[in-house]
Structures are given as structure tokens and as C-alpha cells.
Amino acid sequence: LLKMRDSLYAKKIDSVIIPAWPDALLGKWNGKVICTESNCSDYVIGDQRTDVWEFSENGKTVLAKVTDRSGNLKVYSGSYSNSELNLQSKEDSTSTRKTEINLIWNNLQANSLKGARKVTANNNCVAKFTLELEKSKSKL
């Protein structure tokens, strides 16, 4: 038993390195979304929408709460790796849409993020958007 114990202590265990979420990305961001491609009746190419994003983290999981102009809230969760954030929507069981968002950091010193958003509905329609976020200057 002693040999087995010693062998367990001596054996190196592979560890997973979790990339650190940059503190500068936490908090509120102002977002602008522009539709670039769509075969959905709800989205027209050129449509622009604005919303407020709030990023937080919970261990390995990144959370984004997105509030649109009408006050509707949508929650996304995902992971951060190599300056890229991949988020998926948290939908309830009655929802007919799945939303994927990929953000790629662009010049953090300028407090801006750029990426893409893709909305897929069960009726096989797909809408794609460019996404630009700017760090909110509001202290509220």
C-alpha cells in the first residue's frame, strides 16, 4: 500500500489551464448590431439594433446579460479562450430560436469589442450580424 500511495504522489497529474478573464471586460457595454445576411422574415439586411451588455464571470463560465431598447433581457453563457469569447443563448423549452455569438477582441485599449452574431430558428432561417461593443462610460 505504501508503494501505491507513493506512486500516486509521484505521478504528475495533467492539469487544465483556464485562461484568465480580463477584468477590463467585466461590466456594462453599449452594443450595436447590424444585420448582414438573412433569410428570416424577422430580420432585414441593414437593420440596426442597439442594446446594453453586461459581462460577468462565474469560474470557467462567462455570462452576458443583454437588454434591448424595449427592456427585454436575454442571457448568454459561454467560455473565453485565446482572446475569443463564444456565447450561446440560454433559451427556455418553448423558444424556437437558437442564438450563437462569437466575439473577437479588437484593441482592448480602445475599450471596444467586435464580433459576429448568428440567429438560427427552427424553421431553418438564419440571420447573421456584425456586433460592435463599446465600454459604457456610465457609472450607474
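Guide: Let us begin with a definition: helices (H or I, at least four residues) and strands (E, at least two) are DSSP runs, numbered from the N terminus. The model is a predicted one, in which local features need pLDDT of at least 70, side-chain atom pairs count only at pLDDT 80 or more, and totals for chains, interfaces and linings use all residues. Residues are numbered from 1 along each chain as its sequence is written, and side-chain values use heavy atoms, with hydrogens and water left out.

The part to examine is strand 8, residues 126–135. Its covered face consists of Ala127, Phe129, Leu131, Leu133 and Lys135, while Val126, Lys128, Thr130, Glu132 and Glu134 make up the uncovered face.

Next come the neighbours of this strand. Two strands pair if DSSP finds at least two bridges between them. Strand 1 (residues 27–38) pairs with strand 8 in the antiparallel sense over 9 bridges; here phenylalanine 129 is the bridge partner of cysteine 35. Strand 7 (residues 112–121) is also antiparallel to strand 8 and is joined to it by 9 bridges, with glutamate 132 opposite lysine 114. The hairpin of strand 7 and strand 8 has 4 residues between the strands, and asparagine 124 takes a positive phi near 70 degrees there.

A salt bridge is a side-chain nitrogen of Lys or Arg within 4 Å of a carboxyl oxygen of Asp or Glu. The whole structure contains 2 salt bridges. In one of them, lysine 128 meets glutamate 37, with the closest N and O atoms 4.0 Å apart. Because lysine 128 lies in strand 8 and glutamate 37 in strand 1, this pair ties together parts that are 91 residues apart in sequence. Glutamate 134 and lysine 137 form a salt bridge at 3.5 Å, N to O.

As for exposure, buried means under 20% relative accessible area, exposed over 50%, and partly exposed in between (1.4 Å probe, protein chains only). Lysine 128 is partly exposed at 33%, as is glutamate 134 at 42%, whereas lysine 137 is exposed at 69%.

Finally, a disulfide is a pair of cysteine sulfur atoms within 2.5 Å. By this rule there is 1 disulfide, between cysteine 40 and cysteine 125, whose sulfur atoms are 2.2 Å apart. Cysteine 40 is in the loop between strand 1 and strand 2 (48–58), and cysteine 125 is in the loop between strand 7 and strand 8, 85 residues apart. Both cysteine 40 and cysteine 125 are buried.
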